[in-house]
Amino acid sequence: MTPLRQSLELGLVLCRTCGLAVSRASLKVDQRCPRCQSRIEHRTPFSTEMTLAWLIAGIVFYIPANLLPVMHTSGLLGEADSTIIGGILEFWRSGDWDIALLIFIASVAVPLTKFIAIGLLLLTVGKSSRWQQHQRTVLYRVVEFIGYWSMLDVIVVALTSALMQFQVLGTAEPRAGIAFFCGVVVVTMLSALSFDPRLIWDQRV
Amino acid sequence: MSAAPTPPSEEEIPTPVVQNRRWIPRLVWVVPIAAAVIGISLLIRNWENAGPRITISFLRGEGVQVGKTLIKYRDVTVGHVSAVGLSADHQTVLVSADLSKDAASLLKADTQFWVVRPRIGVGSVSGLDTLLTGVYIGMKTGAATLSERDFVGLEDPPALSHGPRGRELQLHAARAGSLAIGAPVYFRQFQVGRVIDENLLPDGSTRVTVFVDAPYDGFVKPVTRFWNASGIDVKLGADGLNVQTESLAAVLAGGLAFDDGPIEALFAAGGTPGEFTLYRNETEAMAPPDGDPHYIRMRFAQGLRGLEAGAPVEFVGVNIGSVVAVDLGYEHQDRSFPVIVTAKVYPRRMGQAFEALAAQGKTESEETLAAFVGTLVKRGLRAQPRSGSLLTEKLYIALDFLPASPRAAFDASIRPLELPTVNGTFQELEANIGRLVTKVNDLPLEQIAADLHTDLKDLHETLSELHSRVLPSAEDTLSALHRTLDSADQTLDVQSPLQRGLTETLSESRSTLQAVRELADYLDRHPDALLRGRRPQKMPESPAAPSSDAKP
């Protein structure tokens, strides 16, 4: 397999918005994409720094998201605050293993996967590693894709709270934890967005 | 496309741009810092808000669920159960609970916890809401100054959950009767409180703690007497049947009542405030204070069936004590088994007599009292079992003066005092009947019957002779008598000449007698008429005068 040629060598710059490969020489000082007029950079500046910042924010948010209750239910049979893990365990114990698994994937597995994946990408990019460059690009696409699905939990709480309003018989209210969880999802998406996957292919010459 | 021109252009382009936008990526770091600040502040707030964790031990953990069972104070949730486990010796259930921060001040050394379950008693139904919601743990704060984190839970809810205003009183009684916690306390048949605790003291007596609610605790004075109002009080007195009860609930669940004690108690009032004696019934409670009991002993020569401990001892008809024990003794000298009765008497119950005696100094000490009893024995004081009721055969001891009883020895130095006895009236009656029966047995009945038989035979002969000889002559006599009576009847008839003559004679003599009386009257008024003869009447004031004119 012949080594891939870098855009730098070819004198090209890719517009990340419309995907147009622009000749570096044709770029003006303002560095606008000739097609979509969006700012065009050879590499997104401070991409790793911003990704890291968002990632750390996500991890920090993830702690209260799990410790604090996400939902408060009250009804004839008493009232309860449920955390994410508590809810999963409750479903698991009551035999609804499928629902438990779904919530587990959406609210535990996916965020953790994202943290690990982005962390891995940052680490390897920082080292300009040549290891599994293709796989890491795929990983980045996956992270971008699964980001939306983490919102499942937030939607569940939002729907339950909206629908379960039977006053005495039973009410459900969102609690602070879900806001933090929402924060986790948003921040990790931002983190993934600020990452410039082209950095994966950069290597020290 | 050549790579040669690119490096310089690439060097040129980024440099100014990067410098200009350097603050934006730096700004991004605000986000994780803000997140960290929020997270840390949340943790600090959580940690600050985290109330104490307490451990309560119960004998049973029925219905207590981790995370679901709540701790409630005045029906407000102050915490929840965070763990349920067994103690190391497996004897108790340890319930751990997280309380909210503001509940920490409620945790005193004597704070009480109990599991609220549905309870249905005679007096009340409680905790029905827990049928649906599951049990919860009730809490009542204490008054102690020390705070505590480990508690021993109550198995039954306290009768008073949340310190209402009022007064707590301790009642001492020999036995609690059928009192339950929560049993009502009445003042003049008005419920003013309830029993909140019952304890068996180490000496075997019971202590009942009652709570009297605030406006009514003023009725409790040092002279107040408490009594057990359980059950129905039926009295058959001279004024008819009298049934008294405080309330139906008191009949079923037991209850207490109190009222002011007798006047005498006013002077004897004392003792620890808030501590009272619980009397068995109203009569006992309202009796004047008894003072210290004195024990007396009596030996009865014959059996005393129907005499039981608790039977009254009466002195000249006044109840002054009760029998404590009925024992069988043995006398070696005559190999007999006397019945030894021990009784306690309260001289103070003699009322005015006791006061009079006390004024004379007879009650100063045991010795003077014993000496005084000695003089009474000389005057004929004897103990006698008597039948209280013909129906029940129950006996009581009567101390009475029986001067006719034989002289008895009395030793004033023996303790307890030993009173001479006489046999009971009923027993004496029995003995008398026995003697009578013996006498009847001793009668020569057969001989009497034989004699009677001969006598009757003689009588029969006499009668037959009478029949044959006397009766015919008697018949003649009777017919003669009949005739005589007939003639007498004719003679005495109204139409007979004799009768008529007699009537005339009688009317003659009546007018004669009237004339004589008038003459006597006249002479009485005018005694001079005997000498001067009769004068015509002219005095108008005498109404009798004109009528007497017509007469001679």
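**Entry 1: chain A as a whole**

How many helices and strands does the secondary structure of chain A come to? I counted seven helices and five strands. Helices here are DSSP runs of H or I with at least four residues, strands are runs of E with at least two, and both are numbered from the N terminus. This is a predicted model, in which local features need pLDDT of at least 70 and side-chain atom pairs count only at pLDDT 80 or more, while totals for chains, interfaces and linings use all residues. Residues are numbered from 1 along each chain as its sequence is written, and chains are lettered from A and ligands numbered from 1 in the order in which they are written.

I read the order of elements in chain A, from the N terminus on, as α-β-β-α-β-β-α-α-α-α-β-α. Of the 205 residues in chain A, 29% are buried. A residue is buried if 20 or more other C-beta atoms lie within 10 Å of its own, exposed if 12 or fewer, and partly exposed in between, with C-beta atoms placed from the backbone. I also looked up contacts, which require C-beta atoms, placed from the backbone, within 7 Å. Among the contacts in chain A between residues at least 6 apart in sequence, 62% join residues at least 24 apart.

**Entry 2: two helices of chain A**

I next examined helix H4 (residues 97–127) and helix H5 (residues 133–146) of chain A, whose axes come within 10 Å and cross at roughly 145 degrees. Axes are lines fitted to C-alpha atoms, for helices over the stretch in contact, and angles run from 0 to 180 degrees between N-to-C directions. Residues of H4(A) in the contact include Val110(A), Ala117(A) and Leu121(A), and those of H5(A) include Leu139(A) and Val143(A). By class, I noted eight nonpolar, one polar and two charged residues in the contact of H4(A) with H5(A). Ala, Val, Leu, Ile, Met, Phe, Trp, Tyr, Cys and Pro count as nonpolar, Asp, Glu, Lys and Arg as charged, and the others, Gly among them, as polar.

**Entry 3: nonpolar cores**

Which residues have the most contacts inside the largest nonpolar core? They are Ala53(A), Trp54(A), Ala57(A), Phe61(A), Phe181(A) and Val184(A), in a core of 38 residues. A nonpolar core is a set of buried Ala, Val, Leu, Ile, Met, Phe, Trp, Tyr and Cys residues joined through C-beta atoms within 7 Å. Several helices each supply at least two residues of this core, among them H2 (47–67) and H7 (176–194) of chain A and H4 (30–49) of chain B. H2(A) gives the most, with 12 residues. Apart from this core lies another of 24 residues, including Leu307(B) and Leu395(B).

I then checked Phe181(A), which, leaving aside neighbours within four places in sequence, is in contact with Ala65(A), Val70(A), Ser107(A), Asp153(A) and Val154(A).

Leu55(A) is found in helix H2 of chain A. Is Leu55(A) buried or exposed? Leu55(A) counts as buried because it has 24 C-beta neighbours inside 10 Å. Leu55(A) and Phe115(A) are 60 residues apart in sequence, yet 6.8 Å apart in space, C-alpha to C-alpha.

**Entry 4: sheets of chain B**

In chain B I traced a closed barrel of seven strands, E10-E13-E12-E11-E17-E14-E18, with mixed pairing. Two strands pair if DSSP finds at least two bridges between them. Neighbouring strands of this sheet are turned by 35 degrees against each other on average, direction ignored. E10 (residues 166–173) and E13 (residues 206–213) of chain B pair in the antiparallel sense over eight bridges, and Arg167(B) has Val212(B) as its bridge partner. E10(B) and E18(B) pair in the parallel sense over three bridges.

I found an open sheet as well, with seven strands in the order E5-E8-E2-E3-E4-E1-E9 (chain B). Its edge strands, E5 (112–116) and E9 (150–152) of chain B, each pair on one side only. Five bridges join E5(B) to E8(B) in an antiparallel arrangement, and Gln112(B) is partnered there by Lys140(B).

**Entry 5: two loop residues**

Gln37(A) has a positive phi of about 65 degrees although it is not a glycine. Gln37(A) lies in the loop between strand E2 (21–23) and H2 of chain A, and is exposed because 12 other C-beta atoms lie within 10 Å. Asp75(B), also not a glycine, has a positive phi near 65 degrees. Asp75(B) is exposed, with 11 other C-beta atoms within 10 Å.

Definitions and conventions: Contact = placed C-beta atoms within 7 Å.
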